[in-house]
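The structure comes first, then the points by topic.

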Amino acid sequence: MTSKTEKLVSLLDGQPVIPVLKIANVADAVPLARALSRGGLRAIEITLRTADALEAIRRVAAEVEDAVVGAGTILDAKQFDEAAAAGSKFIVSPGITSQLLDAAKDSPVPLLPGAITPGEIMAAREAGLRFLKFFPAEQSGGIASLKAFASPLADVKFCPTGGITAKNAADYLSLPNVICVGGSWVAPDDLIKAGKWDEIEALAREASKLAK
């Protein structure tokens, strides 16, 4: 296993669910991260799907000591560099490109790129990556596909994301090549908007107890 893969695994292993967050209001970022952390989900992914995403990452990185904040939906090298500069401890991308691989190669911040085909997985493996995001999981064959990859690509581990819910998360986590899953159910938009941090903490606590 490469050193960057080891770094990424050390950040995310032991936490069954990585919350995938869309921050519409930057003022929600810190209380949300604190609620998730109190519930046992320290590592979080803030997606670059909103205008406030980078500022949200900055605030969480600066103000929530317990949190391990990562950036998601990174599509190119410029976004990679901006997210790293904002304080991201890891970078998540929906896919894999040579530009992203180059950016990751020159950065101490580890990359978790998306890969769903044998070719994409092998390309990531060639670049020294052994821990990948499987996205969109449910739409790409889900558990059946991951089971099929387990033997021919035995040294590659995954974080399935996309269509993962409280109902199917345990099934994914039972697979030998799955380290964790990504999901948004632990921080629903309506609870964030209403500032119901206690309810989010309770959802996080439930998710943190899922067996691996």
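The largest pocket holds about 300 Å³ of space. The model is predicted, so local features need pLDDT of at least 70 and side-chain atom pairs count only at pLDDT 80 or more, while totals for chains, interfaces and linings use all residues. Residues are numbered from 1 along each chain as its sequence is written, and side-chain values use heavy atoms, with hydrogens and water left out.

**Largest pocket**
- A pocket is an open set of points on a 1 Å grid over the protein atoms alone, where a 1.4 Å probe fits, with protein on both sides within 12 Å along at least five of seven lines; lining residues have an atom within 4 Å of a point.
- Grid points are joined across faces, edges and corners, and a volume is the space filled by probe spheres set on the points.
- Its lining consists of 19 residues, and V20, R49, T161, G183 and S184 lie nearest the centre.
- Strand 1 (17-21) and strand 8 (181-183) are the elements that give two or more residues to this lining.
- Helices (H or I, at least four residues) and strands (E, at least two) are DSSP runs, numbered from the N terminus.
- Sorted by class, the lining of the largest pocket has 7 nonpolar, 8 polar and 4 charged residues.
- Here Ala, Val, Leu, Ile, Met, Phe, Trp, Tyr, Cys and Pro count as nonpolar, Asp, Glu, Lys and Arg as charged, and the others, Gly among them, as polar.

**Second largest pocket**
- The volume of the second largest pocket is about 210 Å³.
- It is lined by 16 residues, of which K4, A104, K105, A127 and L129 are the closest to its centre.
- Helix 1 (3-12) and helix 5 (98-105) each supply at least two lining residues, and helix 5 gives the most, with 4 residues.
- The lining of the second largest pocket has 9 nonpolar, 3 polar and 4 charged residues.

**Helix 10**
- Helix 10 (residues 197-208) has 12 residues and should span 16 Å at 1.5 Å a residue, which agrees with the 16 Å between its end C-alpha atoms; the expected span is 1.5 Å times one less than the number of residues.
- W197, I200, E201, A204 and A207 of helix 10 are buried, where buried means under 20% relative accessible area, exposed over 50% and partly exposed in between (1.4 Å probe, protein chains only).
- An α-helix has 3.6 residues a turn, so residues three or four places apart point the same way.
- D198 and E206 are exposed on the other side of helix 10.
- Strand 1, helix 2 (29-38) and helix 9 (189-194) are what the buried residues of helix 10 pack against, with contact meaning heavy atoms within 4.5 Å.

**Single residues**
- N177 sits in the loop between helix 8 (169-173) and strand 8, and counts as buried because its relative accessibility is 3%.
- Apart from neighbours within four places in sequence, N177 is in contact with L146, F149, A150, V156, K157 and F158.
- V60 belongs to helix 3 (residues 53-63) and counts as buried at 1% relative accessibility.
- Not counting residues up to four places away in sequence, V60 touches A29, V30, A33, I44, I46, A67 and V69.
- A144 is part of helix 7 (residues 142-150) and counts as exposed at 56% relative accessibility.
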